[in-house]
Amino acid sequence: MKSSAARWKCYRYSDYYRVLAQVYSPLNNTWHKAEFLVDTGFRGDIFLEKRFYEDLGLQIVELPLRAVPVARTLAGSVQLRAAITKVRIAGFTLKVKAYTPLYGYGKNLVGREVLNRLTMLLVKREKTCIRLPES
Amino acid sequence: MKKGFFIKNLDVEAYRAIKAIAAKRGVPVYRVINEALSLYANLQDSLAVETEEEANNRVYESLLGDPRYKGKWVAISRGHLIAVTDTWEKAVERMREFVRREKVAHGIVARVGEEAKRVEILGSSLEML
C-alpha cells in the first residue's frame with residue numbers, strides 16, 4: 001500500500017529562516033546554488049545580490065525599464081532591475097522574476113510570490129521546512 | 001610670451017583643415033582651435049553616446065505600438081531586435097546564440113506590452129540598502 005505521508009525538506013535556522021535554492025542562468029543554461037532568506041515582507045518573487053545577478057548573466061536577458069517597478073521600502077523608493085529566470089527549491093521548479101537594486105548591493109531573498117506557491121512550515125528558531133512535491 | 005601647450009599625436013589632416021579655415025578667415029590658427037575646443041566642450045552633453053541599455057530600451061519602446069509584436073516575446077541586443085518568438089525559452093535560446101557570436105553588455109528578453117508588477121520590500125529593506 002502506498003504511503004500518503006507528506007515529505008518535507010528542511011533547512012536549519014540561523015538568525016533568519018533560510019532556504020537553499022538553485023537559480024537558473026538563462027545565458028549559460030546552468031543552475032547556481034544560493035542561500036535565501038525567507039522574507040514575508042517582500043512582495044515579489046526573488047531578490048538577488050547584485051553580484052550574483054550579474055554572475056548569472058541576467059543583465060543580458062533583462063526586462064525593459066518600463067516593465068520594472070520601483071520598490072516601496074521602509075527607507076523610501078528603490079529603483080530596481082529585473083529579469084525572468086527559474087528557481088529550483090525543494091523539488092519545485094518555478095519561473096520567477098528576479099530583482100536586484102540598480103544601486104547598492106542587494107540581498108538574496110525569497111518573497112511572498114514564491115512562498116505562496118509552496119507549503120512552508122517555520123519551526124520557531126529551529127528550521128524552515130518545505131513540503132516536497134508528490135512524486 | 002604667453003603660456004602654450006605642446007600636444008603630440010594631433011591628426012595632421014584635421015590640423016590642416018583648421019589651418020586652411022584660419023587662413024581663409026585671416027585669423028591665427030590658435031583662435032580657430034580655441035573656438036573648436038569651446039564648441040566641443042559646450043556640446044559635450046548633447047553629443048553623449050547612447051548606452052547599449054538605452055538603445056535596447058529605445059528599440060523595445062518602438063515595438064509597443066505595433067500590433068505584430070503585442071504579446072510576443074522579443075530579444076533585443078546592441079540596439080537591434082534579434083528575435084520574435086512565442087515563448088520565453090525560445091527568446092532566451094536566440095539571445096544565447098547571439099551572445100556566442102557578439103560581445104554583449106546588456107540585452108532585453110521580454111513579452112511586449114507586459115506591465116510592471118508592484119513590489120514592496122518591507123521586512124529587510126533597512127539592512128539591504
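Tutor: Two strands pair if DSSP finds at least two bridges between them. Strands are DSSP runs of E, at least two residues, and helices are runs of H or I, at least four residues; both are numbered from the N terminus. This is a predicted model: local features need pLDDT of at least 70, side-chain atom pairs count only at pLDDT 80 or more, and totals for chains, interfaces and linings use all residues. Residues are numbered from 1 along each chain as its sequence is written, while chains are lettered from A and ligands numbered from 1 in the order in which they are written.

Student: Over how many bridges do β10(A) and β11(A) pair?

Tutor: β11 covers residues 127–131 of chain A and pairs with β10(A) in the antiparallel sense. Leu121(A) stands opposite Cys129(A) in β11(A). The bridges between β10(A) and β11(A) number 4.

Student: Which are the edge strands of that sheet in chain A?

Tutor: The sheet is open and antiparallel, with the order β1-β11-β10. Two strands pair on one side only: β1 (8–12) and β10 (120–123) of chain A.

Student: How many helices and strands are there in chain A?

Tutor: From the N terminus, the elements run β-β-β-β-β-α-β-β-β-β-α-β-β. That gives 2 helices and 11 strands.

Student: What radius of gyration does chain A have?

Tutor: The C-alpha trace spans about 55 × 35 × 20 Å along its principal axes. The globule rule is 2.2 Å times the number of residues to the power 0.38, and the radius is taken over C-alpha atoms. For 135 residues, a compact globule would be near 14 Å, which agrees with the value for chain A, 16 Å.

Student: Which residue in the turn between β7(A) and β8(A) has a positive phi?

Tutor: β7(A) and β8(A) run antiparallel, joined by 10 bridges. Ile89(A) stands opposite Phe92(A) in β8(A). The hairpin has 2 residues between its strands, and the one with a phi of about 50 degrees is Ala90(A).

Student: In β8(A), which residue is the bridge partner of Phe47(A)?

Tutor: β5 (residues 46–47) and β8 (residues 92–101) of chain A run parallel, joined by 2 bridges. The partner of Phe47(A) in β8(A) is Tyr99(A).

Student: Why does Leu27(A) count as buried?

Tutor: Leu27(A) is in the loop between β2 (18–25) and β3 (30–38) of chain A. Leaving out residues up to four places away in sequence, Leu27(A) touches Gly57(A), Ile60(A), Val61(A), Arg96(B) and Val99(B) (contact: C-beta atoms, placed from the backbone, within 7 Å). A residue is buried if 20 or more other C-beta atoms lie within 10 Å of its own, exposed if 12 or fewer, and partly exposed in between. Leu27(A) counts as buried because its C-beta neighbours inside 10 Å number 20.

Student: How many residues of chain B are in contact with chain A?

Tutor: On the chain A side, β4 (42–43), β6 (70–73) and β7 (76–89) each give two or more residues. 2 bridges join β4(A) to β4 (residues 120–121) of chain B, and these strands run antiparallel. The contact joins 34 residues of chain A to chain B residues numbering 28.

Student: Which residue in β4(B) is the bridge partner of Arg43(A)?

Tutor: Look in β4(B), which covers residues 120–121. The partner of Arg43(A) is Glu120(B).

Student: In chain B, what angle does the direction of helix α4 make with that of β1(B)?

Tutor: The open antiparallel sheet of chain B has the order β2-β1-β3. Helix α3 (residues 52–63) packs on this sheet, its direction at about 145 degrees to β1(B). Helix α4 (residues 88–101) packs there too, touching β1, β2 and β3 of chain B, and its angle to β1(B) is about 20 degrees.

Methods:
Contact = placed C-beta atoms within 7 Å. Axes fitted to C-alpha atoms, helices over the stretch in contact; angles between N-to-C directions.
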